[in-house]
Amino acid sequence: MHQYENLLVQIEQGAMWLTINRPEFRNALNHETLQEMEDAFGWAEASDEVKVIVVKGAGEKSFAAGADIKQLQQKNMLDALIPGMQGLYKKIQQCSKVTIAAVEGYALGGGCELALACDIRVATKRAKFGLPELNLGIIPGAGGTQNLSRIIGKGRALDMILTGKIIDGEEAERIGLVSYLAPDDELDKQVEEVTAQIYKKGPVAIKLAKLVVHKGYDIDLETAMLMEKLSQAVAFGTEDKQEGTSAFLEKRAAEFTNQ
Ligand code: CO8
């Protein structure tokens, strides 16, 4: 893995913690930071060591305040056609590792969309989620228009997008935008509790479950059910399945091998 200017990377017991480190700019996501994230996610995808990727922002004020507006101002129509931020977030959604957004402070625009691209969102009350792009005369263009409505429903998503309202962690939990509300100052601890649960699961089953939930959501039910059945057939052929079922019957913890 490379050394990064705008990201801090720490690998601890199977988790890669990626911290966006531009607190003086509220962790706004400039082009360079996005490129570094792409590199770090690519590395983590290929690493056997990494099971979970946690994304957070440096400092208490902000997870990420969105795309860098200075750079955004220079962009023209054609710039919006390249994969860019949407392409990166799509890769994050398709990543075979479990991804967790640990949110404290502002998660706005592309920062909110980054959290939406992760599998699980953990936040404190101090989190502030919003899609304020319309204030700038643009729309949420990094998956926000689609992912937010899929997570909280079209009515609530339209309200957030059209009014640009910012909601705190408690409200985000109430409407299902966040899965875990951590006590203030215990964000990392809460994330560690979630990762501890994930480590106990069969690694091949994790990959298959993610694939079927993500891909199955946007296709017709019958095909999605078939995808589920075929994925289960793959799971039935794994050593992990033999180990998981044996461990249960022998009343011991499973030792999965990702095979
Ligand atoms: N971009 C660039 N700089 C930023 C950003 C940003 N998104 N957010 C904050 N900063 C900078 C400020 O300019 C300021 O810099 P300086 O000290 O040089 O003046 C510094 O960070 C601190 O900011 P504030 O003084 O404003 O700090 P506050 O704590 O008072 O406020 C806020 C924090 C509420 C986060 C405020 O800074 C804010 O509203 N930021 C902008 C939020 C926003 O509109 N985000 C959406 C951006 S657009 C987007 O994300 C589009 C994604 C899809 C793109 C698809 C492309 C194809």
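Student: How does the radius of gyration of this chain agree with that of a compact globule?

Tutor: A compact globule of 259 residues would have a radius of gyration near 18 Å, and the chain has 19 Å, which agrees. The radius is taken over C-alpha atoms, and the globule rule is 2.2 Å times the number of residues to the power 0.38. The C-alpha atoms fill a box of roughly 60 × 40 × 35 Å along the principal axes.

Student: What should I know about the model and the numbering?

Tutor: This is a predicted model: local features need pLDDT of at least 70, side-chain atom pairs count only at pLDDT 80 or more, and totals for chains, interfaces and linings use all residues. Residues are numbered from 1 along each chain as its sequence is written, and side-chain values use heavy atoms, with hydrogens and water left out.

Student: How many helices and strands does the secondary structure of the chain come to?

Tutor: The chain has 11 helices and 10 strands. Helices (H or I, at least four residues) and strands (E, at least two) are DSSP runs, numbered from the N terminus.

Student: What percentage of the residues is buried?

Tutor: Buried residues make up 44% of the 259. Buried means under 20% relative accessible area, exposed over 50%, and partly exposed in between (1.4 Å probe, protein chains only). The accessible surface comes to about 14,200 Å², and 55% of it belongs to carbon and sulfur atoms. Those areas come from the Shrake-Rupley method with a 1.4 Å probe; for residues, only the protein chains shown count as cover.

Student: Among contacts between residues at least 6 apart in sequence, what share joins residues at least 24 apart?

Tutor: The share is 66%. Contact means heavy atoms within 4.5 Å.

Student: How do I read strand pairing?

Tutor: Strands of a sheet pair through backbone hydrogen bonds, either parallel or antiparallel. Here two strands pair if DSSP finds at least two bridges between them. Start with β1 (residues 7–12) and β2: six bridges join them, and they run antiparallel. V9 has L18 in β2 as its bridge partner. The two strands form a hairpin with two residues between them, and Q13 in the turn has a positive phi of about 40 degrees.

Student: Which way do β2 and β3 run?

Tutor: Parallel, with six bridges joining β2 (residues 15–20) to β3. The partner of M16 in β3 is I53.

Student: Which residues on the two faces of β3 are buried?

Tutor: In a regular strand the side chains alternate between the two faces of the sheet. In β3, V52, V54 and K56 are buried on one side, and I53, V55 and G57 are buried on the other. Six of the six residues in β3 (residues 52–57) are buried.

Student: In what order do the strands of the open sheet stand?

Tutor: Four strands form it, in the order β4-β6-β8-β9, with mixed pairing. β4 (62–64) and β9 (167–168) stand at the edges with a single partner strand each, so one side of each is left without a neighbour in the sheet. Between β6 (residues 106–108) and β8 (residues 128–130) there are three bridges, and these strands run parallel. Y106 has K128 in β8 as its bridge partner.

Student: How do I read a helix?

Tutor: An α-helix has 3.6 residues a turn, so residues three or four places apart point the same way. In α3 (residues 84–94), M85, G87, L88, Y89 and I92 are buried. Their cover includes α1, β5 (98–103), α4 (110–117) and α9 (203–217).
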